[in-house]
Amino acid sequence: MTVGSQQVKSERTFCLQTRAAARHRCLAPPAGLTDTARLVFVTRQSFSNMAASSSAEQTHLRDMEGEDAGTDEREMQSDEEEEEAMGDENSDDEADTSEDEKENEAEIQRLEEQLSINAFDYNCHVDLIKLLKQEGELLRLRKARQKMSELFPLTEEIWLDWLKDEIRLTEEEPNREKVYELFERAVQDYICPDIWLEYAQYSIGGMGSPGGLEKVRAIFERAVTAVGLHVTKGHMVWEAYREFENVILSTVQPPAGKIPSHEEQKLLSAQLERIQTLFRRQLAVPSMDMEATFAEYGEWAENGVPDTAQHQYKKALKLMEKCKAYEEALLVSEPPKLAEYQSYIDFELKEGDPARVQLIFERALAENCLVPDMWAKYTKYLDRQLKIKDLVLSSHERAVRNCPWTMGLWKGYILALERHGAEHKTVLDVFEKALNAGFIQATDYVEIWQAYLDYLRRRVDFSKDISVFGILESSKELEELRSAFSRSLEYMKQDVEERFGESGDPSCIIMQIWARIEALHCKNMQKARELWDSIMTKGNAKYANMWLEYYNLERSSGDAVHCRKALHRAVQCTSDYPEHVCEVLLTFERVEGSLEDWDVAVQKTETKLNRINEQRAKVAEKEANFARQEEGRAEQRHKAKADKKAYKKTQKGGGIGEKRKADSFADEWNDDLDQGSKRHKGNGDQITEELMETETGLFGKKAPPGYKSAPQGSKTDGSVAQRENYDKPELRNDNCSVFISNLAYTLEEPETKLRTLFETYGPINQIRPIFSNKGTFKGYGYVQFDSQLSVSEALKLDRKEVEGRPMFVSPCVDKSKNPDFKVFKYNTSIEKHKIFISGLPFSCTKEQLEKLCVSHGNIKEVRLVTYRSGKPKGLAYVEFANESQASQAVLKLDGTEVEGNTISVAISNPPRRNAADKPGSSRHFEDVAPRQFHGGRGKGRTQLSLLPRSLNRQSGSGSKVENGTPAQSVSAASNATGDTKPLSNADFAKMLLNK
């Protein structure tokens, strides 16, 4: 093609564009312009088109058409020549294009089939729209977009593409209304400044129609109301609005040198005031580039910026400074920016401006439209704060369209429709859509049915007249309610169970509500009893709380005969809390029954409880057997592990090492005795006993035979001299003493501290804090009173907090003389009057727990379980006056929340202690070593076994020799019954020295 033909072609194209612009009165702006400049261009072009005469336009068009005809003839000749030359090259391209078109068509058909199966496949809709646009299938593209918009709110990008395509397709003036309708749908989905700007620009093109100017202004006003508060993009809408009004100002200004008439001056003043108002409104809103707008206002206004506008500007500028940090966080963060948006929302909620709160929610949802929690927070805010019908209902509708799988959003939508007085048909349509939304769990369907049934129940007027038989006359609303209840049960049985394998309503909550409505409102106890019979046949007859619900219903709306029948059936069927049901039956007969009724009730309850106790005993025995078996297996594993370790040790060291080890062990024992003698003062050859203090008593530890004390002149610790009188047994009286433990090692002046704590309970004879050989306090001691009566009072200080730790106070008992004594006896049987609570927050106090449980009965004792350091475990025991009160507390408190923690409540049933912890249990090594007593709280982490490893060997047959000594000599202290006599330290020393 020649240069001349190219020029002619360009001129022809320009003429065609000009002709189309004249026909549409909307010339497209050149590329590269900003949004504001584009609006100004369109506005000016619209006014110039409105000023042109239609006759001149027609003449001009005819002339251009004549020129086009000649140009077309010349162009066609040149085109034919070029086409002949390029025909061969284009044939290959056309073949490739046809293959791509076939592949795209096949993919389009596949996507359409997939959408026919699952219409809620969002990504499938998006892919189909892209392919149809690529192929240029405009009609199919329009249908695809239409279907998607009916199911989902469209994103900003999809709407803009759709709107631009429709604008290009719409060539006739009457079709502009269709584009306006499409814009209205677009601005309802999300708050998008770009869509509002496109809407305003398109409306400017229709200014030539009647009322066009007013329509453009109305659209701009809606735009600044919707997105004018947008911090980063709102200023574009404000500036476009002002520039539009500036263009209008230029049309009403008189030419230079002409004096305007009164009417023209009035129009001019009104237009100037309109622009100033826009400046003031924009400066009152915090947004980006506020300073430039303020400077522009100062240049535009003849008298400068008014004081009121300056004040509003400074106020908005301060708010902008607060928002800047949140806006910067949004700019630098990566999608989905949920944390940043949530912080921004919290800030706006504190500021308290509803319009700004709404806008930041909308901004967050525009980027996170598939986050149900964000929609739930937004709709809840609108329901409780704004309460504007159109805004609230449209937001709920958008929420369920974006997240149709979320039951809570549908439930909130139904409540909002009822709250704002929507028609019954509208509520019904929303409910039917919810059933088809595809919830992810069975319980969701139960809750949505409950919400709809609650709505139907509130529509019924139960204040109507009662019929002769005492049953409420059936109104249309009541019949619809009963029909809905029946349909819900059928829906749960068929649809929900078929999909999830469960009904989602094991406790039959829907049927219980139906029964209450029939009994309380409709006075139809016969129907209520039928419903409860059906409830019990669905596996609920074994639960006490279900029977008590039925009994309460009969008690309030039925009669005594049916109450008695319900309780008798409950006693017969209940298996979880039979004691509580029996107590309710006996209480009922005390109030309502005769002597015969009382006898029957007592007989049934005794029979039931005896059978239950037998079953529990069998279960407990089975559990005990299982525990013993597990203990035996564990002991066997431990024995095998020890044997394997000993075998490896023997293989490594050989037999010679054992003799050397025994000899060195004896030498080390004598060395320890010699070193220990240096730490005690002695009188001549008299040996002072070092007493080993424990939590529950004393064990005497004597030196081996042959030990001699150190000279009197040896160095000793000062604390030993201080405790010299404490070691005299004649000065002690265990009956008047208490044992103190679990004190902090860093406790300063423990004797003074203990005297301050205990002197209020009686005269104190002596206080014996126990110190180590280095003089440091060991955390325990003894307090001896003058009178035995003071001991019982002093025991009340048990677990009193002393410097952050609970102090343990227990009777002073010598366990070597009284091995069966226990400070705290564990109850291994069920405690029916006591409940066990777990899952408590660590901050829960005894007073809070008493307040929680006091409404369920008389509390005898509350005990919080703690570690030895005093830190809580989150466990507690609460003892009630009787079993029925404890059972009632379990029913009411189990599963409730305390400070955000869900607690578990059950009847106290402590586990059985291991046989190894019982005083009478035996170990294999007890044939050669005394059993150690660790006190009521068990063996501490720091209590080490004092038995040498070389002696810790398992006994075999009677003929086995240990350490070169026959077993008979070792166990000479054993009696005929097999009981083992505890061995002293001297016996151990003899055993070692005789090797």
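A residue is classed as buried under 20% relative accessible area, as exposed over 50% and as partly exposed in between (1.4 Å probe, protein chains only). The model is predicted, so local features need pLDDT of at least 70 and side-chain atom pairs count only at pLDDT 80 or more, while totals for chains, interfaces and linings use all residues. Residues are numbered from 1 along each chain as its sequence is written, and side-chain values use heavy atoms, with hydrogens and water left out.

The structure holds 33 aromatic pairs, where rings of Phe, Tyr and Trp (its six-membered ring) pair if their centres lie within 6.5 Å; planes under 30 degrees apart count as stacked, over 60 as edge-to-face and the rest as tilted. Tyr326 and Tyr344 form a stacked pair, at 5.3 Å centre to centre with 15° between the planes. Because Tyr326 lies in helix α13 (residues 307-332) and Tyr344 in helix α14 (residues 338-351), this pair ties together parts 18 residues apart in sequence; helices are DSSP runs (H or I, at least four residues), numbered from the N terminus. Tyr344 is buried, at a relative accessible area of 1%, whereas Tyr326 is partly exposed at 25%.

The ring centres of Phe431 and Trp449 are 4.8 Å apart and the planes stand at 75°, so this pair is edge-to-face. It links helix α19 (residues 424-435), which holds Phe431, to helix α20 (residues 442-459), which holds Trp449. Phe431 is buried, with a relative accessible area of 0%, and Trp449 is buried with a value of 0%. Both residues belong to one aromatic cluster, whose members include Phe439, Tyr445 and Phe500.

How values were computed
Helix = DSSP H or I, 4+ residues; strand = E, 2+ residues; numbered from the N terminus.
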